[in-house]
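Have a look at the model first, then come back for the details.

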Amino acid sequence: MMKNIAFFDTKPYDRIWFDRLKDKYGFEFKYFESKLNSDTAVMCDGLDGVVAFVNDVIDEKTISILSDQDIRILALRCAGYNNVDFKAAYGKIHVVRVPAYSPHAVAEHAMALLLTLNRKIHRAYIRTRDFNFSINGLTGFDLFGKTMGVVGTGKIGRVFVDICKGFGMKVIAYDPFPAKDSGIEYVELEELFRRSDIISLHAPLTKETYHIINQDSIALMKDGVIIINTSRGALIDSEALLEAIKNGKIGGAGLDVYEEESDIFFEDYSNAIIQDDVLARLISMPNVVVTSHQAFLTDEALKNIAETTLENLRQFFDGEDLTNEICYQCAKYGSCEKQGKGRCF
């Protein structure tokens, strides 16, 4: 029987692969442009499941409304899940995710941000559009021989390490769970802050990593250090970052994420006044490049996201083990499959 699935925070690029593949899995999607939250959850009435995204608000109230409508499966079409109240979901709704879609997409975007910042590509582009061919003020530095500090060496972090080594950079890394037999030089976090010329964040958002870049950690860093973040916005204390850029301690920042992005990113505010003063000031700075959470946005990644999400839904409706289920009772919100169980309840 055809299953009808609510699909929230829909953008045109989301539909391409889901529409191409849905018939193979026997699903029909009801696409909503609005985000999933306690106000919009009522739109799932009469449907069989929900697909949500990284900035949807999946709190206790939202989950309660979904559960009351007999929704038992919530499929996140992303890797991150810090927007989900798992304690509220436990026993009511199974939550699955896409743990990996294209580590190359995100890692390559992180390097693109670094190259743009370092070689002032964004500023050169604007100049030449105005037929200004002066190169004054566009001096960068060789990446070759510089020390890159990588925080987090999961799949994306390790791909980024390889990219950096391709540039002839010296790479050091911090991860509480080091990758075995990786050949990566691991150091303590404070040492990474002290030694790195550039720091790139590839860690999930947890209680331990929240504001890992803050006033105290910035004080440990080299003068002129560059910060790259393609992971989660709240890894960085944005006000501390702004102050450090203003006083010259941080030489530049490439941000694909921002801690207060949920009501801003993915939307068009070109005719509006942004009320977030910190973000507005960051964007205005010549040594800051902000992209709108687009590091994942490659055709390969979009296809992988669709395939994994559809497979997650199929497993649920076919009564199979949920390979990518997240359970708050498992260690570090791990997969229940790793705990020897097929479903978390």
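Helix α4 covers residues 103-119, and at 1.5 Å a residue its 17 residues should span 24 Å, which agrees with the 24 Å between its end C-alpha atoms. That expected span is 1.5 Å times one less than the number of residues. Helices here are DSSP runs of H or I with at least four residues, strands are runs of E with at least two, and both are numbered from the N terminus. This is a predicted model, where local features need pLDDT of at least 70, side-chain atom pairs count only at pLDDT 80 or more, and totals for chains, interfaces and linings use all residues. Residues are numbered from 1 along each chain as its sequence is written, and side-chain values use heavy atoms, with hydrogens and water left out.

**Helix α4**
- α4 is mostly covered, with 12 of its 17 residues buried (under 20% relative accessible area, 1.4 Å probe, protein chains only).
- Among the buried ones are His109, Met111 and Asn118.
- Lys120 follows α4 and has a positive phi, near 55°.

**Helix α9**
- In α9 (residues 238-246), the buried residues include Leu241, Leu242 and Ile245.
- Asp237 caps the N-terminal end of α9, with a side-chain oxygen 3.2 Å from the backbone nitrogen of Glu239.
- Just after α9, Gly248 takes a positive phi of about 85°.

**The sheet**
- Six strands make an open, mixed sheet in the order β2-β1-β3-β4-β5-β13; strands pair if DSSP finds at least two bridges between them.
- β2 (27-31) and β13 (325-326) stand at the edges with a single partner strand each, so one side of each has no neighbour in the sheet.
- β5 (residues 94-96) pairs with β13 in the antiparallel sense over two bridges, and Val95 has Ile326 in β13 as its bridge partner.

Technical notes. Buried < 20%, exposed > 50% of the residue type's maximum accessible area, 1.4 Å probe, protein only. Polar contact = N/O pair within 3.5 Å; in protein donor to acceptor, adjacent residues only side chain to side chain.
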